[in-house]
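Please look through the sequence and the model below before reading on.

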Amino acid sequence: MNPRRSAVYPGTFDPITNGHHDLIRRAAGIFDRVVIGIAANPGKTPLFTVEERVELSRQVLADLRNVTVLGYSGLTVDFAREQGCGIVIRGLRAMSDFEFEFQLANMSRHLARDIDYVFLTPQEQFTFISSTLVREVALLGGDVSEFVHPVVAAALGSRKKA
Ligand SMILES: Nc1ncnc2c1ncn2[C@@H]1O[C@H](COP(=O)(O)OP(=O)(O)OP(=O)(O)O)[C@@H](O)[C@H]1O
Ligand SMILES: [Mg+2]
């Protein structure tokens, strides 16, 4: 598999949203192979365990044949290399994402010159969706069915009662 045609899309995916899904669908149409890398990310104290986040994402993405979902810890560039991917995909929702993403991409370039970052933007109706907001709305009893897949909405619902 050509590393220039294989991409990793890393993130916390706590949980996967329709915004992530929109980006993944686009990436799957551009690259031969897309690996969704779900970062353990203990620094963020996620609501769902990495195993739960992987399982939910697999269910949501089941129809995309060239997409694989894996958990990882450590550097994203190391994970990309292990997976034989030469491209890292990130999403840009608004100018507010730009500064952090620009910094991250430049740091990564210093760590791994062979890996390039590619940025995708979602369809306008997904630009305001973040996992953090979805979690907050769901845990406070709001309806998130417009923003996440039904399996994710159900998982958030059961977490609320827990
Ligand atoms: N709605 C969206 N549209 C486009 N890109 C997105 C969207 N949500 C997240 N992304 C991008 O996906 C990547 C992984 O994001 P991440 O897992 O941090 O999701 P998030 O929604 O930002 O979650 P959190 O609120 O926990 O930070 C980042 O590059 C982020 O900019
Ligand atoms: Mg984020």
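Helices, of at least four residues, and strands, of at least two, are taken here as DSSP runs and numbered from the N terminus. The model is a predicted one.

Strands of a sheet pair through backbone hydrogen bonds, either parallel or antiparallel. Here five strands form an open sheet with parallel pairing, and their order is β3-β2-β1-β4-β5. The edges are held by β3 (67-72) and β5 (116-120); each has a single partner strand, so one side of each is left without a neighbour in the sheet. From one strand to the next, the twist averages 30°.

One pairing can be followed in detail. Strand β2 (residues 33-39) runs parallel to β3 and is joined to β3 by six bridges. Isoleucine 38 has glycine 71, in β3, as its bridge partner. Helix α1 (residues 18-30) packs on this sheet, where α1 touches β1 (6-11), β2, β3, β4 (87-91) and β5. The direction of α1 makes about 120° with that of β5.

Next comes the largest pocket, which has a volume of about 940 Å³. Its lining consists of 40 residues, and Pro10, Gly11, Thr12, Lys44 and Arg90 are the ones nearest its centre. Several elements contribute to this lining: β1, α1, α3 (76-82), β4, α4 and α5 (131-139) each supply at least two residues. Which of them gives the most? That is α4, with seven residues in the lining of the largest pocket.

Across the whole structure, a search finds five aromatic pairs. One of them joins tyrosine 72 and phenylalanine 79, which are stacked, at 4.4 Å centre to centre with 10° between the planes. Both tyrosine 72 and phenylalanine 79 are buried.

Another pair is made by phenylalanine 98 and phenylalanine 102, with ring centres 5.2 Å apart. Why does this pair count as stacked? Planes under 30 degrees apart count as stacked, and the planes of phenylalanine 98 and phenylalanine 102 are at 20°, so the pair is stacked. Both residues lie in helix α4 (residues 95-111), four residues apart, which is about one turn of the helix. Phenylalanine 98 has a relative accessible area of 37% and is partly exposed. Phenylalanine 102, with a relative accessible area of 48%, is partly exposed too.

Technical notes: Residues are numbered from 1 along each chain as its sequence is written. Chains are lettered from A and ligands numbered from 1 in the order in which they are written. This is a predicted model: local features need pLDDT of at least 70, side-chain atom pairs count only at pLDDT 80 or more; totals for chains, interfaces and linings use all residues. Side-chain values use heavy atoms; hydrogens and water are left out. Rings of Phe, Tyr and Trp (its six-membered ring) pair if their centres lie within 6.5 Å; planes under 30 degrees apart count as stacked, over 60 as edge-to-face and the rest as tilted. Buried means under 20% relative accessible area, exposed over 50%, partly exposed in between (1.4 Å probe, protein chains only). Two strands pair if DSSP finds at least two bridges between them. Axes are lines fitted to C-alpha atoms, for helices over the stretch in contact, and angles run from 0 to 180 degrees between N-to-C directions. Contact means heavy atoms within 4.5 Å. On a 1 Å grid over the protein atoms alone, a cavity is a set of points where a 1.4 Å probe fits but cannot get out, and a pocket is an open set with protein on both sides within 12 Å along at least five of seven lines; lining residues have an atom within 4 Å of a point. Grid points are joined across faces, edges and corners, and a volume is the space filled by probe spheres set on the points.
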